[in-house]
Amino acid sequence: MAVTQAQLKRSGVDHSTAEPLLIARNISKAFGHVQALSDAYIDVYAGEIVALVGDNGAGKSTLIKVLSGAHRQDAGEIVIRGQSATINNPNDSFDLGIATVYQDLALLPSRDVVANLFVGRELTNRGILDRRKMTEEANRVVRQLRTNLPSVRTPVRFLSGGQRQAVAIARVVRFGAEILLLDEPTAALGVKESHEMLTLIENLKERNKGIIVVSHNLAHVFRICDRITVLRHGETVGTLVKEETDSTEVVRLITGADLL
Amino acid sequence: MTAIFEKIKQPGDTQEEDSRLRRLLSQREVQLLLVLVVFTLLVRAGGAKGFLGPTHFPIFLSQVAPDMLVVIPMAMLLIGGMFDLSVTGVANLSVVLVGWTFSRLLGTMDDTLLIILVVAIGLTAGLIVGAINGLAVTRLRMNPLMTTLATWWMAQGAATGVAGGESRHNFVGSFRDIARFQPLRDLGETFPFLQEMRISTLPMPVFYAAIVIFLGWLILTRTRFGWHIFATGSDRLGAALNGVNVNRVTLVGFIATSVAAAMCGIVWASRLTSAPPNTLGGLELRVIAAAVIGGAALTGGEGSVLGAVLGLFFMHMIRSATIQLGLPVYWEFFVLGAVLFTAVAFDAWTKRRADTQ
């Protein structure tokens, strides 16, 4: 690590007394001969947004997938609220209060908003699906997020990119997860929709969620985040506080230009 | 698309009713039901006055019933994003195993016990082939088309191999009851209207089919597992990332389809009281086509039990109408093909239209 944990600069959250919601340290993961992660580190506190940046293939998505349970790390430790945690599958991650919104959103195009909000966590009453309760709950969450969906019975394939994103985030909010992992939340969106999405993420921060955002868009990163963690070749090369850095420095860390 | 929903939200009764009707008419099951009604009227007008009338309908139901056992799990498998070509082979293997067991063990044990054993052997064969299909596709990531083509041939080959070129005829008389027993017969003597409506003469397979239809509907629309089937077919990776056990969905789907195919074979063996290894032909494409006509998407994620039921009704109605109208039977497949072509073209057209909106 180019920056040790002791050197980590602290941001708006009181990092000296608070305990991080999540710490992932020395994470490594190989796929066959490809070492996707070798020594990754990231942490996030309640009520802050940490951006995870890095070039293509730097291991951002792999790190997110380790935290969300889609991949199991080869080595390294994950600590949730001070407790060492094992994440073997998506359900483990979910049970630890981690919720992930994937780049491809992991939505079900042929299914309606209700089914998408509850997939894998359907509500039942004596073994039978409680469809009325799920519909009511879906309407409540959609209103809460002030998103403009036509109807919760609409199949997701008829929704716009921004609406789909909102459904994916509504799913996360609905389960009351404390740690949110957002993989490229604005990549597929237009200017106006991106703006709405960033506002939505800021809302989530005010609700005291700990949020990790993967993004290529440094303008978006600088608009919403508190700290920026930079991955290069599967390794965390540093974490910077937004107020103390600029995009030039971040780009240098991403590309490794300072090492040349 | 947003335009449609704005229309729904607008006040004003006529418009609301108009859109409700339009939504109802946009449902595949409703469209298909209308087609079936029109088709029936046309066939009757064309000379077959008794088509699906009180005499024909119970017979029609008992003819459809064995296929119905298979079309329901097949539709669920399709909704889950998979399909299974091996059902014909499995059904024939089940037929032959039934005949083989009877001819070897008849007289060595109590008849009832033997029937139970025979049924258990047939269903177990289905279970094994289904498990092979399911494990090959989920664990070994083999392609479902080629996997089930291979197991189809293996099951069919095992059937002809075991039969050794002969069909067995040493069945226990009461084995016929599996297909021929009429459970409501006594009730029909007490309530004559059941007899008049010919409900009391419905044989067992109709009731097996009714149970399978009800279970299929219940599972698909009212249980978590049913929603997991839809989720798996809609986006396998997305479903898995949300904690749906997609491999279990696929494995259970293959096993259910194969066991149902084996049951179909047992019903046929019981009905024919003979066990030729080519008892069933074309079952796989008949039920897949029926499910697709009923709105099941080959790409998964869409479809319904009611649609599959109506789709299979349609297939059998065409066959029945060809015979009753005295049309050359050789043309039956031409008509079936034309119907399938129309259904798939209509499907593509509605999808195209929805995408451009």
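**Salt bridges and a surface patch**

A:Arg227 counts as buried, because its relative accessibility is 1%, and the cut-off for buried is under 20%. Keep in mind that this is a predicted model.

So what does the side chain of A:Arg227 meet in a salt bridge? One partner is A:Glu48, at 2.6 Å from N to O.

Another partner is A:Asp43, with an N to O distance of 2.9 Å. Here too the pair joins distant parts of the chain, as A:Asp43 is in strand 2, residues 34-44, and A:Arg227 in strand 11, residues 227-232, 184 residues apart. A:Asp43 has a relative accessible area of 2%, so it is buried.

Over all chains, the structure holds 14 salt bridges. Among them is A:Arg223 with A:Glu202, at 3.3 Å, N to O. A:Arg223 belongs to helix 7 of chain A and A:Glu202 to helix 6, 21 residues apart. A:Arg223 is partly exposed, at 32% relative accessibility, and A:Glu202 is partly exposed at 24%.

Now to chain B. B:Leu21, B:Leu24, B:Leu25 and B:Leu34 form a nonpolar surface patch, together about 360 Å² of accessible area. Which element gives the most to the patch? Helix 2 of chain B, residues 13-25, does, with three residues. B:Leu24 lies in that helix and is partly exposed, at 47% relative accessible area.

Note on methods. Residues are numbered from 1 along each chain as its sequence is written. Chains are lettered from A and ligands numbered from 1 in the order in which they are written. This is a predicted model: local features need pLDDT of at least 70, side-chain atom pairs count only at pLDDT 80 or more; totals for chains, interfaces and linings use all residues. Side-chain values use heavy atoms; hydrogens and water are left out. Patches are made of residues with over 30% relative accessible area and no salt bridge: like charges are joined within 9 Å, nonpolar side chains (Val, Leu, Ile, Met, Phe, Trp, Tyr) within 5 Å. Accessible areas come from the Shrake-Rupley method with a 1.4 Å probe; for residues, only the protein chains shown count as cover. A salt bridge is a side-chain nitrogen of Lys or Arg within 4 Å of a carboxyl oxygen of Asp or Glu. Helices (H or I, at least four residues) and strands (E, at least two) are DSSP runs, numbered from the N terminus. Buried means under 20% relative accessible area, exposed over 50%, partly exposed in between (1.4 Å probe, protein chains only).
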